[in-house]
Amino acid sequence: MKNSENQGQINATQPKATDAKAVKNNAKANFVEPTSDAATNLKELFVDSLKDIYWAENALVGALPKMAANATSAGLASAILEHLDITQLQVARLEQIFNLLGEKAEGKKCEAMAGLLKEGDSIVSETTPGPVRDAGIIAASQKIEHYEIATYGTLVAFAKTLGENDAAKLLTQTLAEEKEADCVLNDVALNTVNIVAAE
């Protein structure tokens, strides 16, 4: 009796043949048809990704002054404005990379950055001025930094694979700057802003 009960439990956990068929049909239904300008090789994907982050960095140049203006912590405002200067250098660096690749420097709307900046605006409007808003600005800023770290890490890998060593060096420099910016924000949060916001 016990063996038959165990067998029943085993059978209940095993996927049925009909389930596998449903999964396969669902995969077909969710297949995304590529657009007419879809990338067909890694070089095209690399250039497309550069256009994406180029748009993102330019959008960030426009957003950072607003973040700094809404920060009440002098340390936070200073960190944001310092990163604004660095971001402008990163835009110029991306233009240099486009030039190295023989491509026109142009942006393609980065939906991820657009969403992160929109979320940042929401955090500002949904918090009162002071340490709580500052904590929210740091949270929004670190989400942006983490996105940029992931993006630049991928771009470095693409550049190395493609043998674009000069581009890889420039992208590695930007990646290091994004990691440093994240550390600075973390220090401001842990050493001052979060402590005051918790009171």
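Predicted model: local features only at pLDDT ≥ 70, side-chain atom pairs only at ≥ 80, totals over all residues.

Me: Good. What share of the residues of the protein chain count as buried?
Reply: 36% of the 199 residues.

Me: How many helices and strands are there?
Reply: The protein chain has 7 helices and 0 strands. From the N terminus on, the order is α-α-α-α-α-α-α.

Me: How much of the contact count comes from residues 24 or more positions apart?
Reply: 80%, taking contacts in the protein chain with a separation of 6 or more.

Me: Switching to surface. What does the accessible area come to?
Reply: About 11,700 Å² for the protein chain. Carbon and sulfur atoms account for 55% of that.

Me: And charges? How many positive and negative side chains?
Reply: There are 18 positive and 28 negative side chains. The centres of the two sets lie 10 Å apart.

Me: Now aromatics. How many pairs?
Reply: The count is 1 aromatic pair. The partners are tyrosine 54 and phenylalanine 98, with ring centres 5.6 Å apart. Their planes sit at 80 degrees, so the pair is edge-to-face.

Me: Where do the two partners sit in the chain?
Reply: Tyrosine 54 is in helix α3, residues 42-70, and phenylalanine 98 is in helix α4, residues 74-101. They are 44 residues apart, so the pair links distant parts of the chain.

Me: Are tyrosine 54 and phenylalanine 98 buried or exposed?
Reply: Both are buried.

Me: Let's stay in helix α4. What about glutamine 90: buried or exposed?
Reply: Glutamine 90, in helix α4, is buried, because its relative accessible area is 0%.

Me: What is glutamine 90 in contact with?
Reply: Leaving aside neighbours within four places in sequence, Glu57, His83, Thr174, Glu177 and Glu178.

Me: On to alanine 167. Where is it found?
Reply: In helix α7, residues 165-197. Alanine 167 is buried, with a relative accessible area of 2%.

Me: Which residues does alanine 167 touch?
Reply: Phe46, Ile97, Leu100 and Ala159, not counting residues up to four places away in sequence.

Me: How far is alanine 167 from arginine 93?
Reply: 9.3 Å in space, C-alpha to C-alpha. In sequence, alanine 167 and arginine 93 are 74 residues apart.

Me: Two threonines left. Where does threonine 172 sit, and what is its relative accessible area?
Reply: Threonine 172 is in helix α7. Its relative accessible area is 36%, so threonine 172 is partly exposed.

Me: How far is threonine 192 from glutamine 142?
Reply: They are 16 Å apart in space, C-alpha to C-alpha, and 50 residues apart in sequence.

Technical notes: Residues numbered from 1 in each chain as written. Heavy atoms only, no water. Helix = DSSP H or I, 4+ residues; strand = E, 2+ residues; numbered from the N terminus. Buried < 20%, exposed > 50% of the residue type's maximum accessible area, 1.4 Å probe, protein only. Contact = heavy atoms within 4.5 Å. Areas by Shrake-Rupley, 256 points an atom, 1.4 Å probe, with all protein chains shown as cover. Lys, Arg positive; Asp, Glu negative; His and termini not counted. Charge placed at Lys NZ, Arg CZ, Asp CG, Glu CD. Phe/Tyr/Trp six-rings, centres within 6.5 Å; stacked < 30°, edge-to-face > 60°.
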